[in-house]
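Student: Could we go through the side-chain contacts of this model together, one kind of contact after another?
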Amino acid sequence: MEHSEHAPVTCSVKQLLAGQVAIDTEVIVKGWVRTRRDSKAGLSFVHLHDGSCFAPVQLVCDQALVNYADEIKALTAGCALTCRGRLVASQGKGQAFEIHALEVVVLGWVEDPDAYPLAAKHHSFEHLREVAHLRPRSNTIGAVSRVRNTIAQAIHRYYHEQGFVWVNTPIITANDCEGAGELFRVSTLDFANLPFEHGTSTPVADFSEDFFGTETFLTVSGQLNVESYCLALSKVYTFGPTFRAEQSNTSRHLAEFWMVEPEIAFADLDDNAALAEDFLKYVFHAVLEESEDDMAFFE
């Protein structure tokens with residue numbers, strides 16, 4: 001087992017592939033196996049991903065490694081491992097860097113590789129819904145998650161730089177925010193065993209006996225709450241989950257989504273339009289700059 005004079009540097013795959021680590025540095029990388037390919041020359045090429053970026057990093061594993069025959073050659077998609085190795089310029093196509101492994105420690109095996117539901121091929125969304133615990137490892141869900149994170153970070157960064165105050169508005173509310181959408185009711189009443197209205201056989205819900213003492217819902221918008229803060233703090237925004245109980249099966253209507261709603265005092269329509277345009281440009285730039293690889297995959 002080889003050792004360098006300097007302690008190895010623990011890195012993400014993103015840092016390695018972005019050239020943020022010097023060539024010939026001894027590194028440690030941890031992640032999950034995408035694929036393994038063996039050569040007749042006594043080498044195995046393992047593609048390892050950790051979710052930090054779209055692409056995996058290639059580990060070049062020599063047959064001289066102590067666990068090459070019994071572990072490395074048995075690696076399959078989904079296995080978890082940590083690798084200590086030397087970062088070098090890649091001789092192959094597809095990426096600029098690879099790791100020549102000095103030590104590979106398998107942290108977790110896939111018990112039945114033939115039944116592993118995320119083999120290296122295209123998977124439909126229907127299939128991914130059936131394996132919710134593993135779907136974040138798929139290319140599509142991983143890329144969507146990273147882009148959503150980039151957008152969310154850019155939203156907060158933009159409004160912070162512009163001097164806005166982030167207001168956390170209630171998720172459970174008694175108002176319907178100006179009729180913004182159909183509501184999901186939140187209740188602790190037993191609707192399967194409601195008492196009957198006096199003198200009738202009609203069941204009736206008495207919300208005065210409910211948890212909050214009144215009828216409550218999941219919010220459809222934080223606008224009504226954040227407007228009151230605007231008239232005290234001047235520039236505010238709310239960004240969080242909203243819910244719409246609309247019976248729609250189209251791709252343009254979601255029962256749950258996140259929405260950003262800025263409010264500015266002492267402003268007119270031109271001010272609102274200028275803010276919206278500047279905000280969108282800022283977010284678009286952030287996505288194209290910070291999530292270039294994921295956006296290229298979507299194309």
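Tutor: We can, and a definition comes at the start: rings of Phe, Tyr and Trp, the last taken by its six-membered ring, pair if their centres lie within 6.5 Å. The model is a predicted one. With that cut-off, ring pairs link Tyr-158, Tyr-159, Phe-164, Tyr-237, Phe-279 and Tyr-282 into a cluster.

Student: How many aromatic pairs does a search of the whole structure find?
Tutor: A pair of aromatic rings is described by the distance of the centres and the angle of the planes. When the whole structure is searched, the number of aromatic pairs found is 11.

Student: Are the rings of Phe-54 and Phe-297 stacked, tilted or edge-to-face, and how many residues apart in sequence are the parts that they tie together?
Tutor: Planes under 30 degrees apart count as stacked and those over 60 as edge-to-face; the planes of Phe-54 and Phe-297 stand at 35 degrees, with the ring centres 4.7 Å apart, so the pair is tilted. Phe-297, at 31% relative accessibility, counts as partly exposed. Phe-54 belongs to the loop between β3 (43–49) and β4 (57–62), whereas Phe-297 belongs to helix α6 (residues 292–298), so the sequence separation of the parts tied together is 243 residues.

Student: Which geometry does the pair of Phe-239 and Trp-258 have, and is Phe-239 buried or exposed?
Tutor: The planes of Phe-239 and Trp-258 make 75 degrees, and the distance from centre to centre is 5.3 Å, which is an edge-to-face pair. Phe-239 lies in strand β11 (residues 235–243) and Trp-258 in strand β12 (residues 256–264), so this pair ties together parts 19 residues apart in sequence. Trp-258 counts as partly exposed at 46% relative accessibility, whereas Phe-239, at 10%, counts as buried.

Student: Turning to charged side chains, where in the chain do Asp-24 and Arg-86 lie?
Tutor: The side chains of these two residues, Asp-24 and Arg-86, meet in a salt bridge with an N to O distance of 3.9 Å. The pair links distant parts of the chain, 62 residues apart, with Asp-24 in the loop between α1 (13–17) and β2 (26–38) and Arg-86 in strand β5 (residues 80–89).

Student: Is Glu-26, which also meets Arg-86 in a salt bridge, buried or exposed?
Tutor: The salt bridge between Arg-86 and Glu-26 has an N to O distance of 3.8 Å, and the pair links strand β5 with strand β2 across 60 residues. Arg-86 is partly exposed, with a relative accessible area of 23%, and Asp-24 is partly exposed as well, at 48%. Because the relative accessibility of Glu-26 is 6%, this residue counts as buried.

Student: In which helix do Arg-129 and Glu-126 lie?
Tutor: Their side chains meet in a salt bridge, 3.9 Å from N to O, and both Arg-129 and Glu-126 are exposed. The two residues are three apart, about one turn of the helix, and the helix that holds them is α2 (residues 125–130).

Technical notes:
Residues numbered from 1 in each chain as written. Predicted model: local features only at pLDDT ≥ 70, side-chain atom pairs only at ≥ 80, totals over all residues. Heavy atoms only, no water. Salt bridge = Lys/Arg side-chain N within 4 Å of Asp/Glu carboxyl O. Helix = DSSP H or I, 4+ residues; strand = E, 2+ residues; numbered from the N terminus. Buried < 20%, exposed > 50% of the residue type's maximum accessible area, 1.4 Å probe, protein only.
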